[in-house]
Amino acid sequence: MIIIKMQNILKKLIVLVVILFLWQLLSSSIHTIIPSPIEVFTALYNLSVQGDIFIHIFASLKRVVVGFLIATFLGVGLALITGYYKKIDVFLKPLVEFLRPIPPIAWIPIAILIFGLGDMSAYFIVFIGAFFPIFTNSFFGVSSLPVIYENIAHSFEIKNFIFVKDILFKFSLPYIFTGLKIGIGMAWMSVIAAELIGAQSGLGYFIQLNRLLLRTDNVIAGMILIGFIGYMLSLLLLTVEKIIIPWSIKK
Amino acid sequence: MLELKNISHYYRNQSRNTEISVFENFNLLIGEGEIVSLVGKSGCGKTTLVNIIAGYTEPTSGSVFMNGEKVVAPGKDRIVINQIHDLFDWMTVYQNMRLVSNDDNDINKYLSMTRLSEFADAYPYELSGGMKKRLSLARALVVDPKFIIMDEPFNSLDYQLREKFQEELLDIVRKSKKTILFVTHDIEEAVFLSDKVIILSGRPTQIKKEIVISFSKNKVDSIRDTEDFIFLKKKIKEEM
C-alpha cells in the first residue's frame, strides 16, 4: 500500500517537474509574453502578502455561492415538481432543451442590459451556468425512480409530501450530486467569464485588469488561483456528497 | 376474504394494433386465513394478476373485492412482497419500518420476529439476500394487512437459502394468521408452503385445477422427502 502511494506521489511530482520545465523553456524563448515560473510564484507571494487578491477571491466566491445556491434550489425543486406532476414535463422539456445549448457567456450582454454592471449580473450568469446541469441531472434522477417504489408508496398509503421528501428526493440525491458537481464547475467558469466583461472586482476582473497593465505574471498567477479554487470547490462537494449519501458511495 | 369477479384484461399491442387477452371472465376466491399458491408457467399472467389484486393495474372489466368491499386503489390492507429488491436503500432497517409505521413497539416486535433487531441501524446494502426478504416481510406485517401477496419472493435467493427461508416464512406467517397468496412457478415451494395450490393455464388464463394440500399444519423440512409430498409434486407437474 505505502509503496503504491509513494509511486503515485512520485508520478505526480514527475508531471509537475515536466510542466515547470516546459514552462521555463517557453518563457526563455518568448519572455516578453510568458513570464518564468519563478516570476509567477513571486507574484503570487507578493499578492498574498499585499492582501488585495483576497478581496477579489472573496468577491468571486460570493457570486458563485449566491448564483449556485439559487440554481440548486430552483434546479432541484423544478426537477422534483416535474417528476411528481409528470404532465408538466411535456411543456418544460422543450424549453429546457432550447435554452440549454446557449452558453452562459452569450447571456452576458442581456444580463448587463437588465441588471447593469455588478453583482446582480454576475449572480445571473452564474445561475444560468449552474442551473442546466443541476436541473437536467436531477430530472434524470427523479424520472428514473423505479415503478416499484411508487407502487410501494401507494400500497403503504404514504402521504404525498413524505413521498417527495423521503423517497423521490432521497432516491435522486446521487443524480442531484452529479449535477451539483458539474454545476459548481460551470458556476466557477461562468463567474470568471462574467467578471472579465462586466465587473469591478473578482478574479476575472483581476486578470483582465492586469492584462491591460501588461502584468502577465499577475495574469498567470490569477489563472493559477482560478484553477486551484475551482479544484477546491469540486473537492468540497465531493466531501459533502460522501457525508450525505453514504448508501450511494458504498453500494 | 378476497374475491375476483369476472376479471377480464387486455393488453394492446401497439405495433400490430391487436388486443391480447390475458384474462377472460376470471374468478377466484380466497378465504380468510388461507395460504394459497398460484402456480403457472411464466407468461401466464401471474404478475398481471398480482398487479390487479394490489390495485396497481385496473382490469379492463370486472372487480376485486376485499371482504365485500370493492378495491379501487392500492392500500394497506393488501401488501405485496415483490420478487425484486423493494427496500429503500437510503434508509436504515429501522427507517424503512418507520416510514410505514409510527408505532415503535410494533416495529420492534416485527423486527425481532424476523430476527433483524440487531440490524436496526444497518442499511439494506449491508444485509444478506435472506435478511432483505425478511425486512420486506417485517415491513408488510407492521401495517397489519389483511392480505399479503408474495410475488416469487424466493427468486433472488440461492437454493439452500430458499429452503431455510421458506420454513422461517411459514413459521412467521402462521404466527401472524394472515391470508396469504403465493405466486410462484416452483411446484415444490407451492406444495410446501400452502394449504391449497391453484394451477393456472395459458391464455386467456383460467384456473385449471385446485389441489388441497392435506399435510399436517406443522410442516417441517423433512416432509419434502415423504412419498405424499413427492406424489403431489408430480401430480401438479402433470397438470401444468
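Helices and strands are here runs assigned by DSSP, a helix having at least four residues and a strand at least two. In the predicted model, the secondary structure of chain B comprises 7 helices and 10 strands. The radius of gyration of chain B is 18 Å, close to the 18 Å that the globule rule gives for 240 residues, so chain B is as compact as a globular protein of that length. Its C-alpha trace extends over about 50 × 45 × 35 Å along the principal axes. Buried residues make up 38% of the 240 in chain B. Of the contacts in chain B between residues at least 6 apart in sequence, 69% link residues at least 24 apart.

Where the two meet, domain 1 of chain B supplies 11 residues and domain 2 of chain B supplies 10 residues. On the domain 1 side, helix α5 (residues 159-176) of chain B gives the largest share, 5 residues. That side of domain 1 divides into 8 nonpolar, 2 polar and 1 charged residues.

Helix α3 (residues 104-113) and helix α4 (residues 129-142) of chain B pack at an angle of about 145 degrees, their axes 9 Å apart, and the crossing of α3(B) past α4(B) is right-handed. From α3(B), Asp106(B), Ile107(B), Tyr110(B), Leu111(B) and Met113(B) meet Ala138(B), Leu141(B) and Val142(B) of α4(B). The residues of this contact are 7 nonpolar, no polar and 1 charged.

Notes: Residues are numbered from 1 along each chain as its sequence is written. Chains are lettered from A and ligands numbered from 1 in the order in which they are written. This is a predicted model: local features need pLDDT of at least 70, side-chain atom pairs count only at pLDDT 80 or more; totals for chains, interfaces and linings use all residues. The radius of gyration is taken over C-alpha atoms; the globule rule is 2.2 Å times the number of residues to the power 0.38. A residue is buried if 20 or more other C-beta atoms lie within 10 Å of its own, exposed if 12 or fewer, and partly exposed in between; C-beta atoms are placed from the backbone. Two residues are in contact if their C-beta atoms, placed from the backbone, lie within 7 Å. Axes are lines fitted to C-alpha atoms, for helices over the stretch in contact, and angles run from 0 to 180 degrees between N-to-C directions. A crossing is left-handed if the near helix is turned anticlockwise from the far one by less than a right angle, and right-handed if clockwise. Ala, Val, Leu, Ile, Met, Phe, Trp, Tyr, Cys and Pro count as nonpolar, Asp, Glu, Lys and Arg as charged, and the others, Gly among them, as polar.
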